[in-house]
Structure formats: C-alpha cells, structure tokens
Amino acid sequence: MRTVDQIDTTTRLDRYHLLPDPEPATVTHTLISVDDHFVEPPHTFEGRLPARLQDDAPRVVPGPDGADYWLVEGRLEPNIGTNGVAGRPIEEWDIAPMRFDELREGTWSVEQRLRDMDLNGVHASLNFPSMVWGFAGQRFMRMRDRELGLACTRAYNSWIIEDWTAAAPDRMIPCQIPWFHDPVLAAEEIRRNAELGFTSVSFSENPEALGLPSIHTAHWDPFLRACEETGTVLNLHVGSSSQTPQPSSDSPMYTVLLLFQVNAMFSAADWLFSGIPMRFPDLKIVLSEGGVGWVPSILDRLDHQHRYQDETLLRDTWPHTDVSPAEVFLDRFWFTTFWDPTALSVLDRIGIDRVMFEVDYPHPDCTWPDAQERVRLQVGTMSERAVANYTHSTAAELYRVPLPPGGWPGPA
C-alpha cells in the first residue's frame, strides 16, 4: 500500500481505475454482515440542520490536488483511498485523498450498495462511519462549535434512517452515532432514535482515549441505561477510540493491521471489569471487527486467574461471588469476524450463538465479492445450527432483522 510521500499529486489522469463488475456469487448461505462502512455522500448534511446552522454544515469541495474534501469548520478533511478500496486494483490502494468518481459507487450510493451486496450474496448490512468522521462519529465531538457538532450528529443520524436505511429497511440495519459530550443528552437521543427504528449505536471502545471520562466511572450510566432499556445494541468498533496498537514508533503499517484485533482484547477486559455488564445485565455489547481468534485464550486466562487469585484481591476486583468473569463474558458479549477458521473450529468453546459474520465492505480487509466462498471455506466442520447462527440467525435476533421465510434465496 502506497504512503502519501510515494504518491504523485500533480495529476490524477490514469492514476486510479475501477475494475469491471465481478460475476454474481453463488448463494449458499443467508449472510448478514454486521460490520460494513459508509463513504458518506456529498448530500449527507443537506437540509438536515436547523436553518441558522445549515450554512455551516460540512460539505464537499474540490481540493488543490483535484480530490474531493469535506470542508468542516474551515478545515479540509480528506476522503482517503482506504475508505473505499472495494472494486479497485490492489496495486492502486493508497491513503491519498480521492474523488467520489474514483471510488466504486457502491461505497457511497445506497442503491449501488444494494447491488454490490447482491453481487456478494449478502442479504443485510450494518454500516459504520468512514474514517473521515471516526467509527463512532467522534469527529463531531471535536468540532469547536458544540452546538454545530450536536446538530451535525443529529443530522448524520437522520441521514442514516431517512436516506440510507429507508432505501431498503429489511436489508439495512440502522446504527446511530452518539453525542459524547453529555451522557444525559446522549440518553435522550438513544430513546428518540429507538422510536425512529434504530437498533444499535456505535460507541467508543475506550472513551478515556478521546479525552472523556473512563468507563470505570458512573459517568456513562444514563447513556448505558437508555441503551439497555430500549434494547439498543452497543457496538464497540475496533479503532473507535482513535487508537490502534503500534509496537514501535517506526513499525510498518502492516504490523498495525496485523494487531487490529488486539484492540478488541483490550476492550473486552476493560469493559468486563468495569462493572458495566453487571450493572446493566440486559445490555448487549458487540466487539465489532474484533475477530474471535483471541477469545478462547482470554477465556482460559479468566478461568485460570479466577482459581489462583488472592481472595482479597479477587473480591476487590470481582465482588460477584455467584458468577465468574468468564461466565459474564460469554453471556454479555458478542463477536464478529470475516476470517477466523481456526477459532470457528472450536466455536463450542466460545458459544455458537456469540459469533456473527461481517464483510467490512469497502475496506482493505473486506471479503467483497467473495464472501460466500470465504464462508464456505470456514464452516465445513460446523453443525448446521452453528453455521446458521454465524451467518445470519444471531445477527437477525440481536439487531431485529426480518428474514424471508426459509432464508434469503439471493437477489431477485
């Protein structure tokens, strides 16, 4: 993957190409992807802010290099290439700012996204923001004008439910972004959005890393209580803390991609021992794009530590004598993965109703247009029930996705 200093930005002619459409996938399984991403279209905020703020809404403008940029409070925010590599030659993947017409249209057009889902053999999809706005929408909390930031947060959620999801309510799973600065106001938004049809929210895996109070305080309780009471699933997407592990300051990008799942492991331990799963027993927590290869390991470690830990220390750390940390972990958390064949072979250890399928369209890790084949390569030794749970049943129940009788037969 090319870096910025390796990219010639003097001309865009013949630099980027789009591959022809792939052959439609043979549909063997009903697939629900619980982790995909938008490339937000230029009209995202149009007409969705109060009149007094509409002129200050983010908008797309041409940059000096000929790429498309978001203009946010006077600053140019690039829409980089890795936001949407699906359908582009791998040798052209880079982090240079892009134009919308240099990206596959399915990255930013819901009508074309549905077509790309059909080509990939995917029935339904849950989408997170692009890197422009942060996977939990944390860019809005950084806006200097907080009133504008809140209005943009609401406008973004309105676009999701009124535009993107409305195009195919039975296939697009509505996932909102929160307002981070005020947990009481954020709770009100959760309740309001639940009435509009939202079934989940993308929250930061570690809000302290964003300069906000830790999850080990009661600060977030109003927000979390609203999620629990409305059945709003809490999605903790890897990287939503705006941090990813990099072992050394000069480690290559490949090491960051290789260790992406480490974030999920950190988050799982942090959230488990924060007390939140016990204070809110009906709260459903999903570690989005976190994989599952690490889950058997952390379960073994939890079991081991629970046996030998000093009784006083254990009581201070885990005061719940009627249930072990491992039991709570398996009861309150869900996991997502696009490729974990080794872990899926020991799914009974993790729980056959705990793991969900994802594509990660249109990011570099995505399995578009080969999701059906990649699933077939992983599920050969799994029971019929386990396969159904992994591919669609668990997601359909958790996110309340309607399924056609007898499963999805594929595109019409």
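The lining of the second largest pocket splits into 7 nonpolar, 4 polar and 4 charged residues (Ala, Val, Leu, Ile, Met, Phe, Trp, Tyr, Cys and Pro count as nonpolar, Asp, Glu, Lys and Arg as charged, and the others, Gly among them, as polar). The model is predicted, with local features needing pLDDT of at least 70 and side-chain atom pairs pLDDT 80 or more, while totals for chains, interfaces and linings use all residues. Residues are numbered from 1 along each chain as its sequence is written, and side-chain values use heavy atoms, leaving out hydrogens and water.

This second pocket holds about 370 Å³ of space. Of its 15 lining residues, Leu257, Leu258, Phe260, Phe338 and Asp365 sit closest to the centre. Helix α7 is the top contributor here, with 3 residues.

The largest pocket comes in at about 690 Å³. Its 26 lining residues include Met131, Thr244, Met253, Leu257 and Phe260 as the closest to the centre. Again α7 (residues 253-258) supplies the largest share, 3 residues. A pocket here is an open set of points on a 1 Å grid over the protein atoms alone, where a 1.4 Å probe fits, with protein on both sides within 12 Å along at least five of seven lines; lining residues have an atom within 4 Å of a point.

As for the strands (DSSP E runs of at least two residues; helices are H or I runs of at least four), β10 has Ile285 and Leu287 buried on one side and Val286 and Ser288 buried on the other (buried meaning under 20% relative accessible area, 1.4 Å probe, protein chains only). Leu287 is the bridge partner of Leu236 and stands opposite Phe335 in β11.

How values were computed. Points joined across faces, edges and corners; volume = space filled by probe spheres on them. Buried < 20%, exposed > 50% of the residue type's maximum accessible area, 1.4 Å probe, protein only. Pairing = 2+ DSSP bridges.
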